Amino acid sequence: MLSELLIDPFQYDFMIRALIAAVFCGITLSTLGSFTINRNMGFMADAMAHATLPIIAVGVFFGFSISELGAPAAIVVAIFLGFIVKNTKIGEDTSIGIIFSTFFALGFILIKLLNVTINLEDLLFGQILAVNRTDIFIITALFLIVIGIIITFFKQLLFYSFDPIGAEVKGLNTNFLNYLFLITLSLAVVSALQTVGIILVLSMLIIPAASAKLVTNTFIDSIKVSIIFGIISSVAGLVISYHLDLPTGPSMSLMASTVFLLSYISSKSKIKNR
Amino acid sequence: MTTKENIYESESLIVSDGCCVQYGEALAIDDVTFSITKGKKIAVVGPNGGGKSTLFKALAGLIPLSSGSLKIDGLDPLKAKGMISYIPQKDSLNWNFQLSVKQVVEMGLTDKSTLLSFNQKKNAEMVNESLDQVGILDKSEENINNLSGGQQQRVLLAKALIQDSTILLLDEAFSAIDVGAQEDIMKIINGSDLKEKTILVATHDINNLEDKFDEVLCLNRHCCAFGDPLEVLTEEVIEEMYGSHENMFLDHKPGSHGS
C-alpha cells in the first residue's frame, strides 16, 4: 500500500523530472542552509531570491527561460548585494532590506511595462511539475557546481565563518571566500526558483538546516542530517501534492515545517529525559 | 625604557617606530614606539579604546598604518603574516557553529592552499600534540560550546600553537574567565614549550604583571610606558592610562598626544 503510494506518481515522465529537481534542490539548499543559519544570513538569501525578479523579467522579455537566467542572475545579485552590504554604513539588515524591496518592486514594474508573460503564482510559489529537460540539465549543473565548491573550499569556508579575523591573519583570501559563498548561496537559491518559487525558497534553505541543528551536536553532523531532512521534505511534499492535488512548492515547505516540529519535540524530550 | 634612539640597537623581533593608526579623523594609536626581542612575554595594558586591539591588528597586517613603521623580523606586517598567530577577542568568533575541539584546533592548519581534506592522519597527530600542550587532550571530541571560558581559551591557544608561528597575539585572553583559568593559561604561556615564542597578551588585569610577564606595554592611544613592569608601572603611568576617559578622547588629535 505504502509502496504503491510512493511509486505510483513516478510512472509519469514529468513526475520523474520533478523528483530529480526536488532531490537536487533539497540537497543543494540544505547543505548551504547549515552555513546560512549559523551565519545569520537567512534574510540575505531571501533578498537574493527576490532580487532576481527584475533580471528574470528582462530576460524573459528577450526570450530566455527562468532556468537559463538563473546562474547569471545569481552571480549579479550576489556580487551586488555583497558590495552594497560591505560598503554602506547603514547596517547589513537595512541595506539588504532596501535592495530586497527595491528590486522586487522593480521586477513587478518591469513585468508590467515590458508586458512579459510570466505566471506570477508559479514564480512566487514554484511549479516543479512544469520542469522540462533543459531545466533538469541546468538544475543538475548548478547542483554539481554548488556541491563541488562546498566540498573543495569546505575547510576554508568553515574557518572563515567561525573566525574571520583568524582566517585573514592566516593568509586566507577572506574577500574571495565572502563572495564565493554569496555566489554559491545565490546559485543554490535560483536553482530552486522553479521548484519552490521566490517566496518559499527560504523555507527549504533554512528549515531543514534548523531542524538538523536541533537534533545533532556538531556542525558536520548537522549538514548530513539537514541533507536527509531536505530530501525527505522535498520528496514527501511532491508525493503528497500529487495524491491530494495540492500545490507542490507549499506542500514541500509544509513538510519541512513538519520535520522541524518533530525535531523540536524530539530535542525537547531528549533534554527532559536527561 | 625604549626610546626612538635605541629601538633598532637590540636584536629586536618587533620594532614599532612612531606607529600611528587612524580611523577617519580619529587616531586609534598615535606615535607608538617600542621594540620587543624574541622570546619575551609582553602584557599590553590600557583602557578600553586605548588601542590594544588596534595595535594587534596592525601587527597582524589587518589594518594599515597611517604613519610610522612597524617591522616584524625586518618585514612589513603584510609580508610577515606566516610568523603571527592571532587569537581574537571571543566575541569576534561565531559561536553558532557547533564545532568539536579538534575541528577548531585543526583550523590552525588551514591555509589558502587547503582544498578538500588531505593529510587527515598527519593533521590528527598535530592536533593531539597541540591539545596536549595546553592540557585538554581529553576534550578533543567535545563541542567547544560546552566548555568553560578558560577551556575555550585553551582551545584557541592550541589553535594558535599548531600554526607554529614565532609570535602569538592574544587579544583579551583573560576576559570573562576566572582567576584560576587565567593562571593556568599563564603557566602554559610561561612554560618551557613556549620559551622561544614571543607572546603579546592584551589584558585589563594590571595586578602582579611582574610575576607573569617580562615587559609591559602601557597604551592609551599613545605609548605611556614600555619596559619591566616593576619599573614602568608607576602611579603616574597608571593615571596616564586610566585617568579621565573624557580627556583621553578630547586630547588626542592628529599631530597631538594630548596632555
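Helices (H or I, at least four residues) and strands (E, at least two) are DSSP runs, numbered from the N terminus. By that rule, B:Gly149 lies in helix 4 (residues 149–161) of chain B. This is a predicted model, in which local features need pLDDT of at least 70 and side-chain atom pairs count only at pLDDT 80 or more, while totals for chains, interfaces and linings use all residues. Residues are numbered from 1 along each chain as its sequence is written, chains are lettered from A and ligands numbered from 1 in the order in which they are written, and side-chain values use heavy atoms, with hydrogens and water left out.

**B:Gly149**
- Apart from neighbours within four places in sequence, B:Gly149 is in contact (heavy atoms within 4.5 Å) with B:Lys90 and B:Ile177.
- B:Gly149 and B:Leu217 are 68 residues apart along the chain, and 25 Å separates their C-alpha atoms.

**Helix 2 and helix 12 of chain A**
- Helix 2 (residues 13–38) and helix 12 (residues 193–215) of chain A have axes that come within 7 Å and cross at roughly 60°. Axes are lines fitted to C-alpha atoms, for helices over the stretch in contact, and angles run from 0 to 180 degrees between N-to-C directions.
- Helix 2 of chain A and helix 12 of chain A are therefore oblique to each other. Angles under 35 degrees count as roughly parallel, over 145 as roughly antiparallel, 65 to 115 as roughly perpendicular and the rest as oblique.
- Their crossing is right-handed; that is the term if the near helix is turned clockwise from the far one by less than a right angle, and left-handed if anticlockwise.
- Residues of helix 2 of chain A that meet helix 12 of chain A include A:Ala21, A:Cys25, A:Leu29 and A:Gly33, and among those on the helix 12 side are A:Val201, A:Leu205, A:Pro208 and A:Lys213.
- This contact of helix 2 with helix 12 of chain A has 13 nonpolar, six polar and one charged residues. Ala, Val, Leu, Ile, Met, Phe, Trp, Tyr, Cys and Pro count as nonpolar, Asp, Glu, Lys and Arg as charged, and the others, Gly among them, as polar.

**Helix 2 and helix 8 of chain A**
- The axes of helix 2 and helix 8 of chain A come within 10 Å and cross at roughly 25°, which makes the two helices roughly parallel.
- The crossing of helix 2 and helix 8 of chain A is left-handed.
- The contact involves, among others, A:Arg17, A:Phe24 and A:Thr28 of helix 2 and A:Arg133, A:Ile139 and A:Phe143 of helix 8 of chain A.
- By class, the contact of helix 2 with helix 8 of chain A has 12 nonpolar, three polar and two charged residues.

**Helix 2 and helix 11 of chain A**
- Helix 2 and helix 11 of chain A pack at about 145°, with axes 9 Å apart, in a left-handed crossing.
- Their contact residues include A:Cys25, A:Leu32 and A:Phe35 of helix 2 and A:Phe181, A:Leu185 and A:Ser191 of helix 11 of chain A.
- The contact of helix 2 with helix 11 of chain A divides into eight nonpolar, four polar and no charged residues.
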